[in-house]
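Visitor: I would like to learn how to read the packing of side chains and aromatic rings in a model. Could you take me through one?

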Amino acid sequence: MTAVVADARPERAARPVLLTVDDDPSVSRAVARDLRRRYGADYRIMRADSGEEALQAIRDVVLRGEQVAAILADYRMPRMNGVDFLEQAMDLVPQARRALVTAYADTTAAIQAINVVDVDHYLLKPWEPPEEKFYPVVDELLAAWQREGKEPEHNIKILGHPWSAASYEIRDFLARNMVSYRWYNVGDPEGARLLAAIGAEESHAPVVITAEGQPLVQPSLLEVANAVGLSTTPQGEFYDVVIIGGGPAGLGAAVYAASEGLKTVVVERAAAGGQAGQSSRIDNYLGFPDGVTGGQLTERARLQAQHFGAELLAARTVVGLEARGPARQVWFDDGSSVLTHAVVLATGVSYRQLDAKGADELVGRGVYYGSSATQRESCAGDHVIIVGGANSAGQAAVFFSRYAAKVTMAVRGNSLQKSMSSYLIEQIASIPNIEVRLNTTVQSCSGDDRLQCVTFVDHSGGQEVIDAGHLFVFIGAAPLTDWLPESVVRDSSGFVVTGPDLTLGGKPPASWDLERNPYLLESSIPGVFVAGDVRAQSVKRVASAVGEGALAVTLVHRYLAEQ
């Protein structure tokens, strides 16, 4: 007799499942009761007495074509503990949200284990009253599933080649902007049928078919953004503050500026989050003891900024900045512009180009800059190369180790300790399919239609050719400041100099026309502030970027009070 128990009421079609797993029957019943009381109208509540029985229940649910919205698993269970169970459940229902239920004494072990299975939350029992300690967590799990994990209605279709750089760019852009789509390989019958239906050929790919059925042949990202309903056009002509860049610093500035009544617009050339938004996991951000993905963190920040009234423009590139008396004019690449009292530069940095023969030709066809969740399925059973030795590279190695047969980290230096957090080094050492090769660089990348092999060179000059289908680059940081006018002072690496560093010679630069000296985060143009990685001497961490974004808004207020 199975120990899996479901709602006894008549089954309603398409009700997603909430599954709880606990070997203590009394606790299991209590959890199911609390869940049913709050969520029973919209979700089917199931409970199991062991991890093995719960896995079989999940298989049955999947076979019936149903969805699992969230799983709550007890940490201490015989034969298979909660972490081992959730690790296996991930393979069956990767989109389900996951929570680990633990006693206070097990908290440390649970937090350490959470990194293995990407758990969304952990719950301490007992949780009386549930209205304060239980339901808010489950509410957040279900909201995240509705937003990110629920099988979407794929109104947007992309027809393309699997190893096309242009196809990859569109898929990555939509994924990072949380726009669901369905992908069709034009080499497969269904993809070919859709191409024929719109009168196109394989050479026309990529093609985006909108929700209204309109085909866009080889569209730009701006065209795609407009077609799927992303905001790309400013609603006003004059703003209190224009924030250039939608990474942690830009979003931090947007939240504080908009919440304090400033008319605010954020301009982002790709998607909110920047490099941080592509991070597979951030474990050392304040307030998230069990870690958070970059996408989850930045999506919450984006929603928060919009809640306070900030505009967010996607797929827009800023190409110019001018002082127009007391106003500042920001120019876009299509020739349009907006005026503003103040500007916050939060453009962040980009990964430096890989100096390896053949790498440029294979970008989007096996070679990628930064992490890309859209490639995780194609990495299954493959050999993945990670180039770099800092936290972003380590987080990507851990992420792809769940899908790839092997992950090799190519690290130029002779130690990870110089550039990577200790918790991440320990985590990498505990994962058997991650290999770290120190004193190693990539000499060349080769392949016909896609990446097929990589040549490593060590510091002694020894070479080795490695078969690999995916290579992700996380090396160095190049500031995105080439578009700025010469009057904006930058250091030798292109980072923007601010505050006291502008007056080290005793006087501000010639572009400074005020009697006072620049504020802490102010550039050499009054009213243009700088936050995050693009600022010279900044601390390259997500938390510090958010803090600088908030501080920049405080200085904007001080600047506006002078006008």
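Visitor: Which residues does Ile 386 touch, not counting residues up to four places away in sequence?

Guide: This is a predicted model, in which local features need pLDDT of at least 70 and side-chain atom pairs count only at pLDDT 80 or more, while totals for chains, interfaces and linings use all residues. Residues are numbered from 1 along each chain as its sequence is written, and side-chain values use heavy atoms, with hydrogens and water left out. Contact means heavy atoms within 4.5 Å; by that criterion Ile 386 touches Ala 393, Ala 396, Ala 397, Phe 400, Val 407, Thr 408, Met 409, Ala 410, Phe 472 and Phe 474.

Visitor: How many residues has the largest nonpolar core?

Guide: A nonpolar core is a set of buried (under 20% relative accessible area, 1.4 Å probe, protein chains only) Ala, Val, Leu, Ile, Met, Phe, Trp, Tyr and Cys residues joined through side-chain atoms within 4.5 Å. The largest one here has 43 residues, and Ile 386, Phe 400 and Met 409 are among those with the most contacts inside it.

Visitor: How is a pair of aromatic rings described?

Guide: A pair is described by the distance of the centres and the angle of the planes. Rings of Phe, Tyr and Trp (its six-membered ring) pair if their centres lie within 6.5 Å, and planes under 30 degrees apart count as stacked, over 60 as edge-to-face and the rest as tilted. The search of the whole structure finds ten aromatic pairs; Phe 400 and Phe 472, with centres 4.4 Å apart and planes at 20°, are therefore stacked. Phe 400 is buried, with a relative accessible area of 0%, and Phe 472 is buried, with a relative accessible area of 0%.

Key
Buried < 20%, exposed > 50% of the residue type's maximum accessible area, 1.4 Å probe, protein only.
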